[in-house]
Amino acid sequence: MRQGEKFLSSGSEADLFLVGQNRRGHWVAKDQRGMRGGLFTSRAAAVKFALFENGNQPQLVIAMPGKLELDLSANAFPAPAAVLLAA
């Protein structure tokens with residue numbers, strides 16, 4: 001980690017990250033809750049992202065066999081209850 005960089009996670013709660021390839025051959029890294037993730041051109045870049053996001057804990061980065069998809073649909077990110085009640 002470079003000086004001045006901060007983890008996006010809370011710091012005290014490290015997340016399990018899954019790393020694998022999607023059906024198009026791109027590398028995917030995502031946390032098990034599906035709240036954070038991305039598409040990458042290499043396995044190394046996906047692992048680097050996962051390690052950065054989980055506080056550099058390699059034991060919490062899992063290589064997934066088979067296909068791993070990143071869901072970016074509207075249903076993947078449900079609105080908080082407070083927003084639903086206001087609508």
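This report describes the strands, aromatic rings, nonpolar core and salt bridges of a predicted model.

## Strand β1 and its partners

Strand β1 covers residues 17–21, and four of these five residues are buried, so the strand is largely enclosed by the rest of the structure. Two other strands pair with β1. One of them is β2 (residues 27–31), which runs antiparallel to β1 and is joined to it by five bridges. Within this pairing, L18 has K30 of β2 as its bridge partner. The other is β4 (residues 61–67), which runs parallel to β1 and is joined to it by four bridges. Here Q21 has K67 of β4 as its bridge partner.

β1 and β2 form a hairpin with five residues between the strands. In this hairpin, G25 takes a positive phi near 90°.

## Aromatic rings

How many aromatic pairs does the structure hold? There are two aromatic pairs. A pair of aromatic rings is described by the distance of the centres and the angle of the planes. For F17 and F49, the ring centres are 6.1 Å apart and the planes stand at 85°, so this pair is edge-to-face. F17 belongs to strand β1 and F49 to helix α1, so the pair ties together parts that are 32 residues apart in sequence. Both F17 and F49 are buried.

The rings of F40 and F49 also pair, with centres 5.3 Å apart and planes at 40°, so this pair is tilted. The angle explains the label: planes under 30 degrees apart would count as stacked and planes over 60 as edge-to-face, so an angle between those limits is called tilted. F40 has a relative accessible area of 17%, and buried means under 20%, so F40 counts as buried. Through these ring pairs, F17, F40 and F49 are linked into a cluster.

In soluble globular proteins, nonpolar side chains tend to be buried together. The largest nonpolar core of this model has 11 residues: F17, V19, W27, A29, F40, A46, V47, F49, A50, L51 and V61. β1, β2 and α1 are the elements that give two or more residues to this core. Helix α1 gives the most, with five residues. The three residues of the ring cluster, F17, F40 and F49, are among the members of the core.

A29 is one of the core residues. Which residues does A29 contact, leaving aside its neighbours within four places in sequence? The contacts of A29 are F17, L18, V19, R36, G37, G38, F40, A46 and F49.

## Salt bridges

The whole structure has five salt bridges. One of them joins the side chains of D15 and R36, at 2.0 Å from N to O. D15 lies in the segment before β1 and R36 in the loop between β2 and β3 (37–40), so the pair ties together parts that are 21 residues apart in sequence. Both of these residues are buried.

R36 also forms a salt bridge with E53, where the closest N and O atoms are 2.8 Å apart. This pair links helix α1, which holds E53, to the loop between β2 and β3, which holds R36, across 17 residues. E53 is buried, as is R36. D15, R36 and E53 belong to a network of salt bridges that also includes D31 and R33.

A further salt bridge joins E69 and R23, with the closest N and O atoms 3.8 Å apart. E69 is in the loop between β4 and α2 (81–86), and R23 is in the loop between β1 and β2, 46 residues apart. Are these residues buried or exposed? E69 is partly exposed, with a relative accessible area of 30%, whereas R23 counts as exposed at 67%.

## A buried asparagine

N54 is found in the loop between α1 (43–53) and β4. Its relative accessible area is 2%, so N54 is buried. The side chain of N54 reaches the backbone nitrogen of N56 at 3.2 Å.

Note on methods. Residues numbered from 1 in each chain as written. Predicted model: local features only at pLDDT ≥ 70, side-chain atom pairs only at ≥ 80, totals over all residues. Heavy atoms only, no water. Buried < 20%, exposed > 50% of the residue type's maximum accessible area, 1.4 Å probe, protein only. Pairing = 2+ DSSP bridges. Polar contact = N/O pair within 3.5 Å; in protein donor to acceptor, adjacent residues only side chain to side chain. Phe/Tyr/Trp six-rings, centres within 6.5 Å; stacked < 30°, edge-to-face > 60°. Core = buried A, V, L, I, M, F, W, Y, C linked by side-chain atoms within 4.5 Å. Contact = heavy atoms within 4.5 Å. Salt bridge = Lys/Arg side-chain N within 4 Å of Asp/Glu carboxyl O.
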